[in-house]
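Biologist: I would like a close look at a single part of this protein. Please take me through it step by step.

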Amino acid sequence: NRSKVYGADAETEAEFDAGLTVDGCAKAADFVNFCDAFSIPVLTLTNVAGFAATVESEKNMAKAVARLTYAFANAKVNVIVGKAFGSAYVAMNSKSVGADLVYAWPTAEIGMMDAKLAAQIMYPDADADTQSAKAAKYKELQSSPNAAAA
């Protein structure tokens, strides 16, 4: 669920949307299971905004996420470095899955959904300025690391 790839010159070479894909879940589950088999500790760095939404992923996503969640049941430490939204975050070694410790950077966003989307759903007829203000308030109250810790 990485969001950027950097080259040798520290320049961004590629950017991604930080969503979980079927192939990404399978790769991560295999890696975590391999580490667990040899008692290698796993530190998870989480930055996930949701799931990839393609026809292929819809067919196989539930099985891949279940396998990943099961693999993460033995991982013990998670650091949220970016976004951690909804059930995609739960699958990524959340406290709910069994992580012993979950840390978050001060700039992390943790919650059920992105604050902008929440404001659009709660205030569909409001103008853009009102939605932005409501999104900022939602983010402060519902999506901050402090709110998640509380």
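Biologist: In S8, which residue is the bridge partner of Lys83?

Modeller: The partner is Glu109 in S8. Keep in mind that this is a predicted model.

Start with Glu109 itself. Glu109 sits in strand S8, which covers residues 109-111. Its relative accessibility is 14%. The cut-off for buried is under 20%, so Glu109 counts as buried. Now look at what surrounds Glu109.

S6 and S8 run parallel, joined by 3 bridges. S6 spans residues 77-85 and also pairs with strand S4, residues 43-48. That pairing is parallel too, over 5 bridges. Within it, Val48 has Ala84 of S6 as its bridge partner.

S6 has another parallel partner in strand S7, residues 101-104, with 4 bridges between them. Here Val79 is bridged to Tyr103 of S7. To get from S6 to S7, the chain passes through helix H3, residues 86-91. This β-α-β crossover is right-handed.

Leu101 has a relative accessibility of 39% and counts as partly exposed. Beyond its neighbours within four places in sequence, Leu101 is in contact with Lys76, Val77 and Asn78. For a sense of scale, compare Leu101 with Thr21. They are 80 residues apart in sequence, and their C-alpha atoms are 25 Å apart in space.

Which way do the side chains of H5 face? Gln131, Ala135 and Tyr138 are buried. Seen down the axis, the buried residues of H5 fall within an arc of 65°, so they line one face of the helix. An α-helix has 3.6 residues a turn, so residues three or four places apart point the same way. On the other side of H5, Asp129, Lys137, Glu140 and Leu141 are exposed. The cover over the buried residues of H5 includes helix H4, residues 115-122.

Now step back to the whole chain. Its secondary structure comes to 6 helices and 8 strands. From the N terminus, the elements run β-β-β-α-β-β-α-β-α-β-β-α-α-α. Of the 150 residues, 36% count as buried. Among contacts with a separation of 6 or more, 65% come from residues 24 or more positions apart. The C-alpha trace spans about 55 × 40 × 35 Å along its principal axes.

One last item lies elsewhere in the chain. A search of the whole structure finds 1 aromatic pair. The rings of Phe34 and Phe38 have centres 5.0 Å apart and planes at 55°, so the pair is tilted. Phe34 is partly exposed, at 46% relative accessible area, and Phe38 is exposed, at 55%.

Terms used:
Residues numbered from 1 in each chain as written. Predicted model: local features only at pLDDT ≥ 70, side-chain atom pairs only at ≥ 80, totals over all residues. Heavy atoms only, no water. Phe/Tyr/Trp six-rings, centres within 6.5 Å; stacked < 30°, edge-to-face > 60°. Buried < 20%, exposed > 50% of the residue type's maximum accessible area, 1.4 Å probe, protein only. Helix = DSSP H or I, 4+ residues; strand = E, 2+ residues; numbered from the N terminus. Pairing = 2+ DSSP bridges. Right-handed = clockwise from strand over helix to strand, strands pointing away. Arc of directions from axis to C-beta. Contact = heavy atoms within 4.5 Å.
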